[in-house]
Amino acid sequence: MVSYVQATRFNAHVTINGVAVGHMKPEQALKHLSELRLKNDIYIDKERVINGKNSVATFSGQDLSKMKQIFEKQKTWWPSFKTRNFSLMPKQQDTYRSVTLKKQLEDKLNQLNKQRKAPKDAYAYLSDGVVHVAKSENGNQFDRAKIMEDYEHQSYQSVIHLKRQFLQPVTADSETVQKEKSTLQALRKRQVTYTVQNKDYVLKADAYIKNASVSSDLKLKIDSADLKHKVAEINKKQSTLNKKFSFKTHSGKIISVQGESYGWALEVSDETKRITKAFEDSKPTLKAYNVYGVGYSTYGIGYHNTANNGIGNTYAEVSISEQKIWIYQNGKLVLSTDVVTGRHDTQEDTPKGLWYIMYKESPSVLEGSEAGNSHYSVKVDYWAPFTMSGCGFHDASWRRNWKKDAYLTQGSGGCVNTPPKVMKTVYDHLEQNEPVIIY
């Protein structure tokens, strides 16, 4: 008789999902579980955080095979009074528990955490050139991920009991912080060779990076204030925009000519970002890229010219006093010719300074105004402007006075009038972005 009972019924102190099923057959135990009403209250330790909606367990005949598996696990030859608890989840999904109640718990944890103190992780940082470690601070916010994981693994009981688990800070002796320290220490040893035109500047991190931090994925974030000051210093020293150029005229005289549209400068903010990223990515060399200028092209004309004090060896020279131009290519004079520049007595002089050929157009129609003519529109065969105000080289078939003093009272509206018979040659020897020195 004992053997039969033992072979067909659960031992005395067996529970499933916290419900006693001792002395029951598997079929009886399953029926008992299926009649169970679930309160669905959720406790974290002894504190009830969710007052759930009552529901009925969703056990059915589909769960009998698993019930029999539990029965086989607990079965002993002789009656056992050992307390044993097993878990059984119904095959038919309980959407209230898996969706609704779960969402309520997530929302509740978020709500509770808003009133609780978050822990503060320890972290390494660079300050005034020295690597420091900020200490961690404990908090009392719930570890939502771990508590929700605990919820997923809970037995299918009427009331759910979860462990109180708190978020733990990253401590100063953790592997994470040690890696942050190593990353910052490695940064201190880096240097970037920054090339502007043909000049190299060796920028060392220990000189120009005083403050930095490291993100959770070990990406550096550098305070670039000192780097920006250095780039501004380089720009002030080496840029040519709005500065004076030393120039040797055709006669051998050294003059100083003011840069107008010709010249370049560094975009300090953009270049600082590039250098900062080079340090962050451990890139040892970097060439200047972001330069700007003024006029028709804002790129920065002349950046690639380092010869002849930054003007280069291909240029046009215009002497107002001599009323003549000289065209040089690669340092060699290719032509010179008499011209007539802007009218002097009406203060329409061709503007002095260092400009550049903006573009070339043949033929072209010139429109503008000048003394005694409020609006004109004339056709020319060749046009090469060098100022945004409309001054440039062009032929002037209408001109009859080509004398040396013509510009004083019968000059142009500011352009360089060039004799038609030589204008094509002049035009052919001018290049876009070519410097034009006018003095």
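Predicted model: local features only at pLDDT ≥ 70, side-chain atom pairs only at ≥ 80, totals over all residues.
Student: How many bridges join β21 to β22?

Tutor: Strand β22, residues 332-338, is joined to β21 by 6 bridges, and the two run antiparallel.

Student: Changing topic: what is the order of the open sheet of 4 strands?

Tutor: The order is β9-β8-β13-β14, and the pairing is antiparallel. The edge strands, β9 (130-134) and β14 (220-222), each pair on one side only. On average, neighbouring strands of this sheet are turned by 25 degrees against each other, with direction ignored.

Student: How many bridges do β13 and β14 pair over?

Tutor: They pair over 3 bridges, in the antiparallel sense, with β13 covering residues 212-214. Val 214 has Leu 220 of β14 as its bridge partner.

Student: Which helix lies across those strands?

Tutor: Helix α6, residues 175-188, lies across β8 (123-127), β9, β13 and β14. Its direction makes an angle of about 20 degrees with β8.

Student: Which residues touch the most other members of the largest nonpolar core?

Tutor: They are Tyr 194, Val 196, Ile 209, Leu 266, Ile 275 and Phe 279, in a core of 28 residues. Elements giving two or more residues to this core include β8, α6, β13 and β14, together with β11 (191-196) and α9 (268-280). Helix α9 gives the most, with 4 residues.

Student: What does Phe 279 touch?

Tutor: Leaving out residues up to four places away in sequence, Phe 279 touches, among others, Leu 187, Val 192, Leu 203, Ile 209, Ile 222 and Leu 227. Arg 190, Gln 191 and Lys 204 are also among the residues that Phe 279 touches. Apart from this core lies another, of 24 residues, including Ile 357, Phe 393, Tyr 427 and Val 436.

Student: Now Asp 121: why does it count as partly exposed?

Tutor: Asp 121 counts as partly exposed because its relative accessibility is 40%, and the class spans the range between under 20% for buried and over 50% for exposed. Asp 121 lies in the loop between α4 (95-114) and β8.

Student: What is Asp 121 in contact with?

Tutor: Beyond its neighbours within four places in sequence, Asp 121 is in contact with Lys 135, Ser 136, Gln 168, Pro 169 and Val 170. A polar atom of the Asp 121 side chain lies 2.8 Å from the backbone nitrogen of Val 170. The C-alpha atoms of Asp 121 and Ala 172 are 8.2 Å apart, although 51 residues separate the two along the chain.

Student: Last topic: which residues of α3 are buried?

Tutor: In α3, residues 64-74, the buried residues are Met 67, Ile 70, Phe 71 and Gln 74. Seen down the helix axis, the buried residues of α3 fall within an arc of 105 degrees, so they line one face of the helix.

Terms used
Residues numbered from 1 in each chain as written. Heavy atoms only, no water. Pairing = 2+ DSSP bridges. Axes fitted to C-alpha atoms, helices over the stretch in contact; angles between N-to-C directions. Contact = heavy atoms within 4.5 Å. Core = buried A, V, L, I, M, F, W, Y, C linked by side-chain atoms within 4.5 Å. Buried < 20%, exposed > 50% of the residue type's maximum accessible area, 1.4 Å probe, protein only. Polar contact = N/O pair within 3.5 Å; in protein donor to acceptor, adjacent residues only side chain to side chain. Arc of directions from axis to C-beta.
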